[in-house]
Amino acid sequence: MGSLFRSEEMALCQLFLQSEAAYACVSELGELGLVQFRDLNPDVNAFQRKFVNEVRRCDEMERKLRYLEKEIKKDGIPMLDTGESPEAPQPREMIDLEATFEKLENELREVNQNAEALKRNFLELTELKHILRKTQVFFDEQEGGANQTTESMTRALITDEARTAGASMGPVQLGFVAGVILRERLPPFERMLWRACRGNVFLRQAMIETPLEDPTNGDQVHKSVFIIFFQGDQLKTRVKKICEGFRATLYPCPEAPADRREMAMGVMTRIEDLNTVLGQTQDHRHRVLVAAAKNLKNWFVKVRKIKAIYHTLNLFNLDVTQKCLIAECWVPLLDFETIQLALRRGTERSGSSVPPILNRMQTFENPPTYNRTNKFTKAFQALIDAYGVASYREMNPAPYTIITFPFLFAVMFGDLGHGAIMALFGLWMIRKEKGLAAQKTDNEIWNIFFGGRYIIFLMGVFSMYTGLIYNDIFSKSLNIFGSHWQMSYNKSTVMENKYLQLSPKDDYEGTPYPFGMDPIWQVAGSNKIIFHNAYKMKISIIFGVIHMVFGVVMSWHNHTYFRNRISMIYEFIPQLVFLLLLFFYMVLLMFIKWIKFAATNPKPYSEACAPSILITFIDMVLFNKPKDPVKGCEVYMFWGQHFVQVLFVLLALCCIPIMLLAKPMLIMQARKLANVQPIAGASSDAETGGVSNGGPHGGGGPHEEEEEMSEIFIHQSIHTIEYVLGSVSHTASYLRLWALSLAHAQLAEVLWTMVLSIGLKQEGWFGGVILTCVFAFWAILTVGILVLMEGLSAFLHTLRLHWVEFQSKFYKGQGYAFQPFSFDAIIENGSAATEVE
């Protein structure tokens with residue numbers, strides 16, 4: 001149980017491994033995930049380490065696997081994931097894996113190159129087919145009686161000199177070129193032709209209806225066929241250059257109809273042959289990828305494990321004989337024997353006859369912090385670590401946060417209906433956690449929700465409980481036990497008079513409600529908000545003071561564990577006394593007021609004589625005597641109240657100089673007596689003022705270099721001022737429990753009154769339609785605003801109460817996390833290993 005409330009005891013160990021057994025032993029430790037290795041070669045470049053070639057080989061294998069994965073995803077082939085984690089392969093198996101990946105990559109690249117060449121040929125033949133088909137229409141128009149159009153086109157393209165010369169030499173023959181261009185490039189292409197050729201060309205174009213596949217990237221592109229008529233070689237050269245600039249593809253197109261028909265038949269035959277070959281190529285590619293998809297996950301795991309092992313081996317040192325590897329590592333003491341067993345298994349697997357040696361080392365270095373977690377406590381520990389990782393063996397707030405966090409959240413979010421929605425959502429994620437965990441996604445919001453599924457479930461359950469206490473479900477009350485108030489008014493008076501109030505003296509039965517609030521408060525007028533205000537404000541202060549007192553008590557456990565006698569006597573006791581005499585006394589006054597002042601009591605202790613707790617506390621701090629109350633009422637709540645209050649304030653004020661000066665003065669006195677000079681790196685402790693109690697250890701308590709006395713005085717002054725002023729501000733900060741609870745209840749009531757009640761007031765079949773629409777709108781607002789937004793707001797306020805008001809009393813959070821060499825963590829993060837420094 002000690003490890004639940006504090007981090008694990010750690011030991012710094014030295015590990016000696018035979019070179020032939022090192023790989024297998026590190027592999028076993030990676031499966032175990034309980035050892036954090038230190039880098040013994042911090043000044044050595046990553047490219048100059050012993051196993052850098054093996055790491056490069058692993059990088060190359062990973063690159064090939066990523067290429068295979070990309071091709072598999074491109075074809076939409078599912079990858080088999082059994083959820084099992086194969087063991088790290090032996091070093092000799094690396095050659096087989098490299099050969100397998102090399103063969104697959106070469107085969108796939110060759111298939112892709114062939115497929116791309118075939119697709120390029122297919123694209124060219126398809127474009128040529130469309131050219132022959134579309135240009136045939138142009139030529140058919142010319143032969144079918146469009147002589148007038150042709151003559152006008154010819155006249156437009158031939159100059160006067162050419163006409164004169166042509167009159168004597170016969171008809172002028174026009175030249176043409178045909179090709180294909182991207183559809184979006186056609187308008188600028190046409191404008192360029194017109195401007196460059198000065199209008200002496202004639203362009204005809206037709207769209208290709210079906211999109212064509214780009215063989216380079218597989219995208220669908222839209223193209224158009226064009227044919228350009230011109231006269232003269234000069235224009236021909238100019239037209240071809242323009243086509244080349246716009247990346248238009250030109251194809252040969254015979255002038256004779258018979259030649260065009262013959263070419264078209266040949267193109268269709270070649271297209272059919274290409275389709276057959278392409279189908280066979282795609283089938284072969286698919287078979288290769290399907291076979292690779294069955295093993296790809298396991299291959300990734302194997303390669304990453306190999307790479308992680310060699311990364312870790314690069315942290316080791318070689319002894320002078322070059323036959324032994326030396327490592328230093330942090331290990332939990334409870335798992336010492338388990339680690340030794342893993343090392344023996346690794347030695348047996350490797351066939352080595354020399355057993356590994358694991359020795360504990362003596363050190364003054366602060367060990368890493370390791371808090372064991374499971375899937376339930378992991379999220380709560382993450383909340384604590386987000387503030388700061390605990391110092392070594394410091395009290396861990398996470399076990400207490402499991403209860404206090406959802407409870408304080410529920411005080412602000414108390415509603416049976418909203419809590420049920422949240423609890424059901426959390427329960428659904430818990431029931432489906434295996435399937436949801438397998439569906440890895442990059443959606444950060446969903447990952448946060450899923451990671452905190454147990455927190456969400458507990459917050460919902462606790463909110464249901466506080467909702468029952470408040471007797472509040474979607475801003476309405478449950479009449480489970482009836483009411484303990486008797487109304488002497490008729491129904492019309494109750495419904496019409498919003499200022500109606502019941503008299504606790506005449507209308508109350510005198511017995512408390514069995515559980516939670518009486519439902520009669522739901523129909524109360526202005527008195528309802530006044531009662532809820534007073535009730536929730538007081539319980540907020542009560543919970544807050546108890547929470548802070550508990551935090552101060554936790555600091556006592558830290559002081560006793562590290563044997564800081566000065567802090568125990570001159571820091572913990574004054575802090576606790578200061579908090580109890582002022583703020584816990586205020587809580588006691590609330591209980592005294594509730595017990596002693598009742599509506600049925602006669603004066604001087606009737607409800608009308610009840611004093612204000614806030615005014616009483618202010619008078620106490622200012623040493624003021626209470627003012628004369630209403631005639632016949634008692635001034636004090638109990639006998640000797642003024643004397644007790646003055647005594648409490650004086651004792652609390654005396655605690656301040658003790659907290660401020662006692663500890664630094666005693667440390668200074670201890671140093672003078674011991675005649676200790678500040679030495680950097682000495683085994684001293686500013687908390688005790690002397691030599692660290694633990695001394696050299698294999699993972700002892702926190703160690704700090706000795707501070708200068710001026711720094712100790714400054715730090716103690718800051719700490720004292722922060723505690724004294726913080727006690728006031730932190731107590732007031734817990735009023736957020738009251739404020740958010742009241743706001744949540746009022747917002748729920750607004751939604752009910754201004755939205756859902758509109759549909760409930762409608763009658764007939766039309767009213768049913770209206771109610772359906774209004775209910776849908778109300779449900780969306782309830783989930784979106786009251787559950788999500790209000791839930792997030794209450795969550796953040798609860799987080800602040802724990803980080804600032806509670807943890808500041810005892811938690812330093814100045815440690816660093818234990819990061820063991822673990823295959824599971826490496827594979828989960830998708831990386832081979834941590835970067836070498």
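In this predicted model, four cavities of 30 Å³ or more are present in the structure. Two helices, H18 and H23 (736–760), each contribute at least two residues to the lining of the largest cavity, and the greatest contribution comes from H23, which supplies four residues. When the lining residues of the largest cavity are sorted by class, five are nonpolar, six are polar and five are charged.

Aspartate 518 is found in the loop that runs between helix H17 (491–496) and helix H18 (526–561). The relative accessibility of aspartate 518 is 7%, and because residues under 20% are classed as buried, this aspartate counts as buried. When residues up to four places away in sequence are left aside, the contacts of aspartate 518 are with Asn471, Gly482, Ser483, His484, Trp485 and Tyr513.

A search of the whole structure for disulfides returns one. This disulfide is formed by cysteine 609 and cysteine 633, whose sulfur atoms are 1.8 Å apart, and with an angle of -65° about the S-S bond the link is left-handed. Cysteine 609 lies in the loop between helix H19 (565–596) and helix H20 (613–621), whereas cysteine 633 lies in the loop between H20 and helix H21 (641–674), so the pair ties together parts that are 24 residues apart in sequence.

Cysteine 329, by contrast with the linked pair, takes part in no disulfide, and the nearest cysteine sulfur to it, belonging to cysteine 13, is 5.4 Å away. Because a disulfide requires cysteine sulfur atoms within 2.5 Å, a separation of 5.4 Å leaves cysteine 329 without such a link. Cysteine 329 is also buried, since its relative accessibility is 1%.

Conventions. Residues numbered from 1 in each chain as written. Predicted model: local features only at pLDDT ≥ 70, side-chain atom pairs only at ≥ 80, totals over all residues. Heavy atoms only, no water. Buried < 20%, exposed > 50% of the residue type's maximum accessible area, 1.4 Å probe, protein only. Contact = heavy atoms within 4.5 Å. 1 Å grid on protein atoms, 1.4 Å probe; cavity = no way out; pocket = protein on both sides within 12 Å on 5 of 7 lines; lining within 4 Å. Points joined across faces, edges and corners; volume = space filled by probe spheres on them. Nonpolar A, V, L, I, M, F, W, Y, C, P; charged D, E, K, R; others polar.
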